[in-house]
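Please work through each task with the structure in view before reading its solution.

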Amino acid sequence: MSDITPITQNANGIIPIPNYHLPVVLGATTIDRGLMNVRPSYMDKVEIIKMDSSANSLHAPVSTPTTGVGDYAITNRLITTGDIMYYREFNPLRDFENEYEWQYSTGRQVDARLAAVTQTAINELASGDIADGMENLIWNGDTTSGSAWLSRFDGLIKLLDADSDTDLNNVTFGAALTAANIITKMEAMIAACPSRVLENLNIKFVVSHKDKQKLFEAYRDATITKGINIMDSGIPQLAGIPVVSCGIPENKALLGVFNNGRDGQLQAATWMDQDRGIVVDRIAANSEDFFIKALVKFGVQYTRGSEIVYGKQ
């Protein structure tokens with residue numbers, strides 16, 4: 001059964017524009033904007049190994065030391081990948097035989113394929129669907145949710161709320177973020193951030209797309225010097241710290257070292273980056289039907305909670 005629903009043709013004499021108008025899709029902005037490091041070649045569970053040295057290890061010299069002062073500690077955090085599939089079917093011949101001429105299938109009927117404009121549209125829609133779904137999972141995934149699209153793996157919000165190492169720097173906003181209070185709330189996050197993190201050149205605020213717009217609204221207030229916190233690239237700043245928006249839920253924010261390198265505090269594991277791409281093929285050699293499919297393994301985790309500030313309502 002096809003997953004394409006044809007339109008109802010309009011009255012005679014109406015000529016359609018021979019093109020599909022597709023929706024705007026933000027996609028996997030956490031990955032695309034360089035906030036997360038995605039590690040390939042992992043199939044199941046992945047350990048992130050941390051190593052620390054205790055503080056205050058200097059001491060008075062002795063001629064022949066026999067006992068060390070302080071120690072090194074090795075700990076781990078676990079990424080558990082989940083299985084994800086995208087799958088739909090269509091019939092290039094039957095789905096469009098009663099549609100507009102530019103939508104007709106191409107080639108002989110025995111090996112009919114979608115018109116190029118339709119195939120391109122479907123490829124773009126599928127890629128957008130996958131990217132949008134992945135972004136939702138990265139932040140809102142919950143294996144106990146009961147929703148097929150959210151139960152693929154546990155997302156960052158569930159992991160941050162659990163605070164399994166009990167070392168996050170939590171800031172309670174006490175109210176929903178608004179243009180009137182967002183700067184004050186973000187300043188409270190700065191106050192809770194360790195100095196060594198504040199001095200890192202890769203430090204960033206991570207906020208929702210809606211909360212970034214609230215920040216812009218706050219900047220437009222007459223009491224604030226306009227433009228002072230906006231960089232040339234269009235990325236806003238607060239106290240010299242870039243503010244990047246992504247799929248994190250509204251009224252939540254992070255402050256920390258977020259980049260796509262090995263030292264970034266948001267980490268992910270997957271089998272192959274290319275798995276987020278799609279395959280389009282005939283279901284069987286004797287079939288008119290085609291499928292579009294993607295299979296992905298993916299999981300997320302944060303590292304070093306003591307170096308992350310987590311703000312929430």
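**Exercise 1. The largest pocket**

The largest pocket has a volume of about 440 Å³. The model is predicted, so to speak of its local features requires pLDDT of at least 70, side-chain atom pairs count only at pLDDT 80 or more, and totals for chains, interfaces and linings use all residues. Residues are numbered from 1 along each chain as its sequence is written, and side-chain values use heavy atoms, with hydrogens and water left out.

Task: Determine which element gives the most to the lining of the largest pocket.

Solution. 
1. On a 1 Å grid over the protein atoms alone, a pocket is an open set of points with protein on both sides within 12 Å along at least five of seven lines, whereas in a cavity a 1.4 Å probe fits but cannot get out; lining residues have an atom within 4 Å of a point.
2. The lining comprises 21 residues, with D3, I4, T5, I122 and L125 nearest the centre of the pocket.
3. At least two lining residues come from each of β4 (82–90) and α2 (116–140).
4. With six residues, α2 gives the most.
5. By class, the lining has 13 nonpolar, three polar and five charged residues.

**Exercise 2. The largest cavity**

Task: State which residues line the largest cavity.

Solution. 
1. One cavity of 30 Å³ or more is found in the whole structure, and the volume of the largest cavity is about 30 Å³.
2. Its lining consists of N91, P92, L93, Q109, V110, A112, R282, S287 and E288.
3. Four of these residues are nonpolar, three polar and two charged.

**Exercise 3. Packing of α4 and α6**

Task: Describe how the axes of α4 and α6 cross.

Solution. 
1. The axes of α4 (residues 182–192) and α6 (residues 209–219) come within 9 Å and cross at roughly 110°.
2. The two helices are therefore roughly perpendicular (65 to 115 degrees).
3. In contact (heavy atoms within 4.5 Å) are I182, I183 and M186 of α4 with D211, K214, L215, A218 and Y219 of α6.
4. These contact residues divide into six nonpolar, no polar and two charged.

Definitions and conventions. Axes fitted to C-alpha atoms, helices over the stretch in contact; angles between N-to-C directions. Helix = DSSP H or I, 4+ residues; strand = E, 2+ residues; numbered from the N terminus. Parallel < 35°, antiparallel > 145°, perpendicular 65-115°, else oblique. Nonpolar A, V, L, I, M, F, W, Y, C, P; charged D, E, K, R; others polar. Points joined across faces, edges and corners; volume = space filled by probe spheres on them.
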